[in-house]
Amino acid sequence: MNIRILLTYLSRPSRYRGAVFTLGAFLLPVLLWCAVSYVPFIWHPMVKVENPGGVDYFTPGMLVDRSEFQDQMKEMRQAGKPLPVGVRANPIYLPAPHEVARALYTAFTTAPEQRDAPWLHQSLWHSIQVIFWGFVLSSVVGVPLGVLCGTYVTLSRLSEPFVEFFRYLPAPAFGALAVAVLGIYDGPKIAIIFIGTFFQQVLVIANTTRKLDTTILEAARTLGTRGWRLITHVVVPGILPDLYRDQRILLGWAWTYLIVAELIGTSSGITWFITQQARYQHFENVYAAIIIIGVIGFGSDLLFERIGRRLFPWDRTQERKSA
Amino acid sequence: MNEHTPTPTEALPGAGNGLPSYLEQSPAVRERFAQLQQRKVILEVRDLQKRYKSLQGETEALRNINFQVHRREFVCVIGPSGCGKSTLIRILAGLEKHTAGDVLLDGQPVTGPGRDRGMVFQGYSLFPWLTVKRNVMFGPLMNGHSRDSAEREARLWLDMVNLGKFADAYPHQLSGGMRQRVAIARALVNEPRILLMDEPFGALDAQTRAKMQRHLLKIWRNLDITVLFITHDLDEAIYLADRILVLKANPGEVQEVIEVPVPRPRSPEQFSTPEFRATKARLEALIHPPEAQGEEEAEGEDALPEKIIRFTNVGDNVE
Ligand SMILES: Nc1ncnc2c1ncn2[C@@H]1O[C@H](COP(=O)(O)OP(=O)(O)OP(=O)(O)O)[C@@H](O)[C@H]1O
Ligand SMILES: [Mg+2]
């Protein structure tokens, strides 16, 4: 009965329906994570030693495999020594939600373990700057080139084979080269984001440009528009909503290059934070950092979508999506 | 004026039901055509040919097209699907290059699109990112008018098509008929020598369509404008046109140029007059040869050389 009500609610167009789906999309994985973390018989392949008993190499707080713990239990029982005591636990790389939640908060309030190391928010800000410059530099060249390639067949024939070829080269492969040319600080990192974004960008935007309805171009031509003005007054405004959407997707790709880029030269930004925390086995901090990246990426995309709706009130694709 | 021996194809419909010949014109209509012929030729098409090269080989879309359009004349082009109507009008608009022959506008050869030929497309061709008013302002702005004068003209033309109230709406907020009215205003604001329309009302429902036809006739009556109008709706062609250019397919050739004997001013009541029905019967015979004779007959028709010669003669006589 309740399910029926829920289903009819979901199938009815509503302003909040989207929010319900969004919530559900996040709720399901979180519930799964909670179940695995808090319900011992689902997984919990380890045992956390509370009292080592007679086992000489056990220490309190140590994580051992369940089979190993049972073997030791058996041995101790046979040897007549005190039995070890422990509770079932998950591996250290899977912290429980509440631990990660606490880490999310404390990560910003705890000073870094090394004196001169940056705080988490400083690391994040550094990462955002690297992404920003890589993406802006790529767009400054890639967007105009993409639009021109989509408009002029000759230009696209001339440039696209090379771009296509380059697109298949993994951007991180240029890491060493980038360091040699640009030094060990932010230069090579920005370069990797640039390489990872640029070639896709040219192709994607050229394709978007080609999809512009030819009738619109022809209408403009019969109204006396020609040459350069055809691009500035018809092609660009005509593809703008789609171009904006492309840029949003490309920005997402730029984020995926971030971690690799930041490992190049001296490790920095959020990657540095993550590798440090992993080294000290603070996996809840690692998860917290990953979640923060996700929140920033997803949040900024939502923001850009909102802005897009304001900017392009004539765009029909958005209405179709939210309808 | 047309020498014409009835063939089996055209003898069937219309002939036996007491209709007059579509060639019969009342004195008033004859007078009107005589006057029309005196007017200046705005558009002249001579021996126009168009071949498309594609992977499947060459297709001859148009062959030996000859006709003239006089100033303030309303000419409809009609023909079966694929006979090259769109190709023809796109060549006239300068959007497509012809492979042989001449297209002369006011005696000057057409080399590309230009503001002297306005075009209204079948599909929606409004700029979706501009409001209705901005759409109409687009042409004047592109042609160097100031923003003020462009806006003034746009308002004028929007009032002309009864869309003054929708000046600030976006195209997607309008109905199909309204959009085409904006497209007409947008084309006319440039003051073209000739307005080219490729099935502009093809996507509209019957009622809107009838309204648009009335509207277009009203605009045409009040303005010094020449119209070349493509349609596949026989009623629409007869209702609107002074002359109807009938094309046939494979390759696209002028089959006949019909002077519509229905007097002006036109009104929907004329749909049932004998002249109207006679013209329609003739068009039907030309465009949809009777079913019973089927495909082979149509192919056999192509093989009759003397008929083709007669068709070209018909075209020549009229011009
Ligand atoms: N770009 C093109 N390349 C190759 N052939 C084409 C092209 N455009 C049209 N044709 C061919 O030219 C012929 C005429 O096409 P056209 O579009 O002018 O016909 P139409 O009379 O407008 O048809 P409809 O009534 O369906 O709109 C068709 O056989 C078509 O296949
Ligand atoms: Mg067509």
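Biologist: Before the contacts are discussed, what is a salt bridge?

Modeller: The term applies to a side-chain nitrogen of Lys or Arg and a carboxyl oxygen of Asp or Glu. The two atoms must lie within 4 Å.

Biologist: How far apart are the closest N and O atoms of Arg90(B) and Glu218(A)?

Modeller: The model is predicted, and the rule finds 1 salt bridge across the interface of chain A and chain B. The partners are Arg90(B) and Glu218(A). The separation of their closest N and O atoms is 2.7 Å.

Biologist: Which element gives the most to the side of chain A that touches chain B?

Modeller: Three elements of chain A give two or more residues to this side: helix H9 (214-222), helix H10 (228-263) and helix H13 (316-322). The residues of the side divide into 8 nonpolar, 6 polar and 7 charged. With 7 residues, the element that gives the most is H9(A).

Biologist: How much area do chain A and chain B bury between them?

Modeller: The size of an interface is often given as the accessible area lost when the parts come together. Here 21 residues of chain A are in contact with 26 residues of chain B. Of the area buried, 65% is on carbon and sulfur atoms. The total is about 2000 Å².

Biologist: Which residues in chain A lose the most area to chain B?

Modeller: Three residues together account for 35% of what the side of chain A buries. They are Thr222(A), Leu223(A) and Trp314(A).

Biologist: Which element gives the most to the shell around ligand 1?

Modeller: The residues around ligand 1 include Tyr52(B), Thr59(B), Ala61(B) and Glu199(B). The shell divides into 3 nonpolar, 6 polar and 2 charged residues. Strand S2 (57-70) and helix H3 (85-93) of chain B each supply at least two of its residues. The element that gives the most, with 3 residues, is H3(B).

Biologist: How many residues apart are Asp102(B) and Arg46(B)?

Modeller: Over all chains the structure holds 26 salt bridges, including one between Asp102(B) and Arg46(B), whose closest N and O atoms are 3.7 Å apart. This pair links distant parts of the chain, with Asp102(B) in strand S4 (residues 100-105) and Arg46(B) in strand S1 (residues 41-54) of chain B.

Biologist: Where is Pro251(B) placed?

Modeller: Most peptide bonds are trans. The bond from Asn250(B) to Pro251(B), however, is cis, with omega near -10 degrees. Pro251(B) is in the loop between strand S9 (243-248) and strand S10 (253-259) of chain B.

Biologist: Where is Pro265(B) placed?

Modeller: The peptide bond from Arg264(B) to Pro265(B) is cis, with omega near 0 degrees. Pro265(B) is in the loop between S10 and helix H9 (274-287) of chain B.

Biologist: In which strand is Asp47(B) found?

Modeller: Most residues other than glycine have a negative phi. Asp47(B) is not a glycine, yet its phi is positive, about 45 degrees. This residue is found in chain B, in strand S1.

Note on methods: Residues are numbered from 1 along each chain as its sequence is written. Chains are lettered from A and ligands numbered from 1 in the order in which they are written. This is a predicted model: local features need pLDDT of at least 70, side-chain atom pairs count only at pLDDT 80 or more; totals for chains, interfaces and linings use all residues. Side-chain values use heavy atoms; hydrogens and water are left out. Contact means heavy atoms within 4.5 Å. Buried area is the accessible area (1.4 Å probe) that two parts lose on being put together, summed over both. Helices (H or I, at least four residues) and strands (E, at least two) are DSSP runs, numbered from the N terminus. Ala, Val, Leu, Ile, Met, Phe, Trp, Tyr, Cys and Pro count as nonpolar, Asp, Glu, Lys and Arg as charged, and the others, Gly among them, as polar. A residue is near a molecule or strand if one of its heavy atoms lies within 4 Å of it.
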